[in-house]
Amino acid sequence: MAKPHNDRAWFLVLPVVALVAFSALIPVMTVVNYSVQDTFGNNQFFWNGTAWFQELLDPSTDLGGRFFDALWRTLLFSGLCLLIEIPLGIAVALTLPRQGWGVAVSLVVLALPLLIPWNVVGTIWQVFGRGDIGLLGAGLQALGINYNYAQNAFDAWATVVAMDVWHWTSLVVLLCYAGLRAIPDAYYQAAKIDGAGAWAIFRAIQLPKMQRVLTIAVLLRFMDSFMIYTEPFVVTGGGPGNATTFLSIDLVKIALGQFDLGKAAAMSIVYNLIILTVCWIFFATTTRGQSEAAQ
Amino acid sequence: MARIGFERLAQRYPGSPHYALRPMDMVWEDAGAYALLGPSGCGKTTLLNIVSGLLRPTEGRVHFDGQDVTALPTERRNVAQVFQFPVVYDTMTVRENLAFPLRNRGSSAREANTRVEHVAGLLGLGAMLDRRARNLGADEKQKISLGRGLVRGDVAAILFDEPLTVIDPHLKWELRSRLKELHRQVPVTMIYVTHDQTEALTFADRVVVMSEGEVVQVGTPEALFDRPAHSFVGHFIGSPGMNFLACAVHGREAMLPGGQRIALPRAYAPLPGRVELGIRPEFATLAREGLPVALTRVEDLGRRRIARVELDGQPFAATLPEGMAVPAEPCLALDAAGMLVYADGRLAEGEA
């Protein structure tokens, strides 16, 4: 049977085109537009070429220095989050019960932090860490530790990282738990027969079987932590000084604080490209690993 | 190497009023090849898991060479088990997979390697020792599972839990013969669980037939065929299975409900309960004289033909001799040598 051919069918995709145009294309092109222009207000724009980009990528300039400082801070933050959350998530997942009423209870309790809105998470930790009324802050003060996230850069970092760990480790746990549950019992029985101890079982069975979910967990946690904004903004506002000013916070400062639309636009494009590149490398390496496995 | 004994062994799962495995006593000789045969849910895997220690029996004891091992965990029992689905450690090479049980028990790398090379030779895995295990086919993976059992020199028994389920039919034959050959080379007790009678009968010296948690017969393949101790064995072994005709038995004579009389090779004392005459299709042929029957259909099995008939309303399978056309008025000729009498499903002993 011949398929009827009618080019008017293209009209059916118009709603999607309109939606994507308004949600993605037009905003992105506006940003691209800003990134090659300069303005002195009054809605008057001048052509600026690639000057913003050159300045941004040159660490000796004011803008470039700021950008690279924030970039290293963000990378350090993402690295710390991954280093803590992934092993911790695996460890917690391994200790969760495999059956009985404990399963439902632990899963619900673990999911709770994931359900809390991000600015609320920030507020919770801001209060939690206060030296006068916060349980954590007052508790540490009582122990004789001079903890103050608003003045001490190390304390601010510790608070922001601890907050992210508290907020997001559950996600890693849930993903790992799903991966662990998918392992057939025969593997554990075979390992018992082969005389494997807990560590050998982990190395030979559990870790390899969790590889796929771990890939997803690492990717999600990298992306989320690399673009983190709300929680540290609420807790530290990027301070003390610029100690916790991550890329996203700096970007908002430039765009909305100083109203330097051109610089901010150039920065957000580079920021976006970094995330895309990392995700692409990640995706490419993992899918290559999997296609090798399938052969 | 071990002689495995069971003493009043039974298993009842929590919350279930029935035995998954009914109380039994049995001994499996050292270096024997045993098959546990029965339909799904008959308790054969339960029994196997009790032997390997993955399951602790609710009643009774398990002995290895006279030593009580009931309370010993799997890893201290020196048994190996090959599962239905091949278990290999994905990230390891074949060599590392085979060495895994030895390394876990503290063997040195050199010691382990000698054993691994030896076992790989036995299984025909020598050429692929350094390949990643996850890229192999199901049959090769199953060989690795088996190899992890064989690699330990001290292994008391190797247990197979329907190991050929996921193997391609043309490879099943090869693997089965290799198992048989292995058993000849390595004198170790092998216990093979299956619901496939061909697998059981070709592999084992002794077949343990189970039904509904009960061991109904233990015997050589010939014994199971010639003298099924239970009507279940008669049905289950043989293709098609044994015929059972409801009848009344008086001395040397069986009388069918329709009044036909059949002379029996042995004399029987009065039997209690439901009495049946059992006879395999191999001992019943379609003929021009004998008991008149109604033909339902003829099945061509390739090497032989089976006539499905009705004798007095009771279904019956008989052999249609080679080259013989179906008679216009078909009758049954029964060979007295193959006649057995069952009372309530159990073989009744007659007197010659």
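## Interface between chains A and B

In this predicted model, 20 residues of chain A are in contact with 22 residues of chain B. About 1,700 Å² is buried between the two chains, and carbon and sulfur atoms give 58% of that area. Three residues stand out on chain A. A:K192, A:I193 and A:D194 supply 37% of the area that chain A buries against chain B, more than any other three residues.

Polar links also cross the interface. The rule finds 2 salt bridges between chain A and chain B. One of them pairs B:D90 with A:K209, with the closest N and O atoms 3.0 Å apart. There are also 7 residue pairs in polar contact across the interface, both residues of each at pLDDT 80 or more.

## Elements on the chain A side

Which elements of chain A give two or more residues to the side that touches chain B? They are α8 (185-193), α9 (198-209) and α13 (261-294). The largest share, 7 residues, comes from α8(A). By type, the residues on this side of chain A divide into 11 nonpolar, 4 polar and 5 charged.

## Annotated spans of chain A

UniProt, in an unreviewed entry, lists residues 71-282 of chain A as "domain: ABC transmembrane type-1". In the model this span is 77% helix and 0% strand. Its end C-alpha atoms lie 19 Å apart.

The annotation "transmembrane region", also from an unreviewed entry, is listed by UniProt for several spans of chain A, including residues 101-120 and 264-283. Residues 101-120 of chain A are 90% helix and 0% strand, with end C-alpha atoms 30 Å apart. Residues 264-283 of chain A are 100% helix and 0% strand, and there the end C-alpha atoms are 28 Å apart.

## A:Q141

A:Q141 sits in helix α6 (residues 135-142) of chain A. Is A:Q141 buried, partly exposed or exposed? Its relative accessibility is 34%, so A:Q141 counts as partly exposed. Leaving out residues up to four places away in sequence, A:Q141 touches A:G131, A:N146 and A:Y147. A:R130 is 11 residues from A:Q141 along the chain, and their C-alpha atoms are separated by 9.8 Å.

For chain B, an unreviewed UniProt entry gives "domain: ABC transporter" over residues 4-237. This span is 36% helix and 24% strand. Its end C-alpha atoms lie 25 Å apart.

B:H183 belongs to helix α5 (residues 169-185) of chain B. B:H183 counts as buried because its relative accessibility is 12%, under the 20% cut-off. Beyond its neighbours within four places in sequence, B:H183 is in contact with B:A31, B:G32, B:A33, B:V188, B:M190 and B:D205.

## Backbone geometry in chain B

Most residues other than glycine have a negative phi, and most peptide bonds are trans. Chain B holds some exceptions, taken in turn below.

The peptide bond between B:S239 and B:P240 is cis, with omega about -5°. B:P240 is found in the loop between α8 (231-236) and β11 (243-246) of chain B. B:R8 has a positive phi, near 45°. B:R8 lies in strand β1 (residues 4-11) of chain B and is partly exposed, with a relative accessible area of 48%. B:D312 also has a positive phi, near 60°. The place of B:D312 is the loop between β18 (305-311) and β19 (314-320) of chain B. At 40% relative accessibility, B:D312 is partly exposed.

Key: Residues numbered from 1 in each chain as written. Chains lettered and ligands numbered in written order. Predicted model: local features only at pLDDT ≥ 70, side-chain atom pairs only at ≥ 80, totals over all residues. Heavy atoms only, no water. Contact = heavy atoms within 4.5 Å. Buried area = accessible area lost by both parts, 1.4 Å probe. Salt bridge = Lys/Arg side-chain N within 4 Å of Asp/Glu carboxyl O. Polar contact = N/O pair within 3.5 Å; in protein donor to acceptor, adjacent residues only side chain to side chain. Helix = DSSP H or I, 4+ residues; strand = E, 2+ residues; numbered from the N terminus. Nonpolar A, V, L, I, M, F, W, Y, C, P; charged D, E, K, R; others polar. Buried < 20%, exposed > 50% of the residue type's maximum accessible area, 1.4 Å probe, protein only. UniProt positions renumbered as here; feature names shortened; annotations may be inferred.
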